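Subject: Model for your review

Hello,

Here is the structure I promised to pass on. Please open it before reading the notes.

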Amino acid sequence: MESMSPVSVVATVLNEVADIDRLVTSLTQQTLAPAEVIIVDGGSTDGTWERLQAAKTKYPHLIPIRDESCRLPNSPGPISRGRNVAIAAASSAVVACADAGCTYQPDWLQRLTASILSGESEYALGGSCLDPEQRTVWDIASAPFFGVKLSTDAKTKSCTARSIAFRKELWKRVGGFPEDIYLGEDTVFDLKVRALVTPAFAERAKAFYRPRHTLSSALGQMARYALSDGIAGVRPARLLRNLGRCVLEIVAVALLGRTIIPLCCVFALEVYFAFRLDWRDLRGASARALAARMLFSWLVPWVVAWNQIKGAITKANTKTNQPNPQNLN
């Protein structure tokens, strides 16, 4: 596959042997052929690196890079570092970011970068949606709280590095992805970029994401994201909103001996938060999925408020980040 594409695709991986073949295949079979697909491996021990080396013989435009500085024992922000290493190695003026655990439709890159290649923008967001073929009940329950859509047609206004593109010069202007934080690095990058340019929102350019969540893993991921927000000092409005929900729930329970009205109001509010973003795509969902969404929505404010405050305290007291279990392998 020869390519004159002005776009490079980058990703960073660590111990993703179950997903790496699907990722590589989907990125190398785009209708807009990338000039190169650069994947930085932070030192995998499960066979991921060997799979990448084998794939190189099949896909000449695949460039695997092994860099063990892109893992937590060697960097406080290993994912950001991996992306920065890959982007620095990119030969193209336009870079698209992909992510492990995702696959991409053949027209993903063309749709994502269209506004940049036409000169209309310098920065484009594609978003992510659950892979329609593999989704658990808890994937569906937690999706909107992670900015993940249920449908590829759903509009998105949020940033996820699973599907973003930008001019390499813009990446340089903002100092790259922040290497001093682990999670939420794409949020910090997005805030810096939006201070300079207005993003374009590409339609039907979503990553197909396979989180495979259980209730425990979804809450754990929510806790880590909130903790990182606290460490980074971002999204204070989110903290206040979730603290407010916690207070309302406490007050409603405290008043139960006198009246049930406050609890009914809180229940109605929680229904709103649970379904406001994607209720149309939930039509026809099972009762189990709807119940799981309600439970997850009830738990979110407590998990977010506690961990975001904990992250802020951690930052103030120790200036350290929190580990991701995967990076301890």
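Predicted model: local features only at pLDDT ≥ 70, side-chain atom pairs only at ≥ 80, totals over all residues.

Residues are numbered from 1 along each chain as its sequence is written, and side-chain values use heavy atoms, with hydrogens and water left out.

Helix packing

Helices (H or I, at least four residues) and strands (E, at least two) are DSSP runs, numbered from the N terminus. Two packed helices are described by the angle between their axes and the distance between the axes. Axes are lines fitted to C-alpha atoms, for helices over the stretch in contact, and angles run from 0 to 180 degrees between N-to-C directions.

Take α9 (residues 236-254) and α10 (residues 261-275). Their axes lie 8 Å apart, at an angle of about 150 degrees. That makes α9 roughly antiparallel to α10. The cut-offs: under 35 degrees is roughly parallel, over 145 roughly antiparallel, 65 to 115 roughly perpendicular, and the rest oblique. The crossing of the two, α9 and α10, is left-handed. Left-handed means that the near helix is turned anticlockwise from the far one by less than a right angle; clockwise is right-handed.

Contact means heavy atoms within 4.5 Å. On the α9 side, Arg 241, Arg 245, Leu 248, Glu 249 and Ala 252 take part. They meet Pro 262, Leu 263, Val 266, Leu 269, Glu 270 and Phe 273 in α10. The residues of this contact divide into 7 nonpolar, no polar and 4 charged. Here Ala, Val, Leu, Ile, Met, Phe, Trp, Tyr, Cys and Pro count as nonpolar, Asp, Glu, Lys and Arg as charged, and the others, Gly among them, as polar.

Leu 248 sits in α9. Leu 248 touches Val 266 and Leu 269, not counting residues up to four places away in sequence. Leu 248 is partly exposed, with a relative accessible area of 43%. Buried means under 20% relative accessible area, exposed over 50%, and partly exposed in between (1.4 Å probe, protein chains only).

Next, α8 (215-232) and α11 (residues 287-317). Their axes come within 7 Å and cross at roughly 35 degrees. The crossing of α8 and α11 is right-handed. Among the α8 residues in the contact are Leu 215, Leu 219, Met 222 and Ile 231. The α11 side includes Leu 295, Phe 296, Val 300 and Lys 315. The contact residues divide into 16 nonpolar, 4 polar and 3 charged.

A buried helix

How many of the 10 residues of α7 (residues 185-194) are buried? The count is 7, so α7 is largely enclosed by the rest of the structure. The buried residues are Glu 185, Asp 186, Thr 187, Val 188, Phe 189, Asp 190 and Val 193. They pack against α3 (78-89), β6 (123-125), β8 (164-167), α6 (168-173) and α8.

Aromatic pairs

The structure holds 9 aromatic pairs. Rings of Phe, Tyr and Trp (its six-membered ring) pair if their centres lie within 6.5 Å; planes under 30 degrees apart count as stacked, over 60 as edge-to-face and the rest as tilted.

Phe 145 and Phe 296 form a tilted pair, 5.5 Å centre to centre, with 50 degrees between the planes. This pair links distant parts of the chain, 151 residues apart. Phe 145 is in the loop between α5 (137-142) and β8, and Phe 296 is in α11. Phe 145 counts as buried, at 15% relative accessibility. Phe 296 is buried too, at 0%.

The rings of Tyr 272 and Phe 273 have their centres 5.5 Å apart and their planes at 65 degrees, so the pair is edge-to-face. Tyr 272 is partly exposed at 47%, whereas Phe 273 is buried at 13%.

Tyr 123, Phe 166, Phe 177 and Phe 189 form one aromatic cluster.

Backbone points

Asn 15 has a positive phi of about 55 degrees although it is not a glycine. Asn 15 lies in the loop between β1 (7-13) and α1 (20-28). At 14% relative accessibility, Asn 15 counts as buried.

Arg 235, also not a glycine, has a positive phi near 55 degrees. Arg 235 lies in the loop between α8 and α9. At 34%, Arg 235 counts as partly exposed.

Best regards
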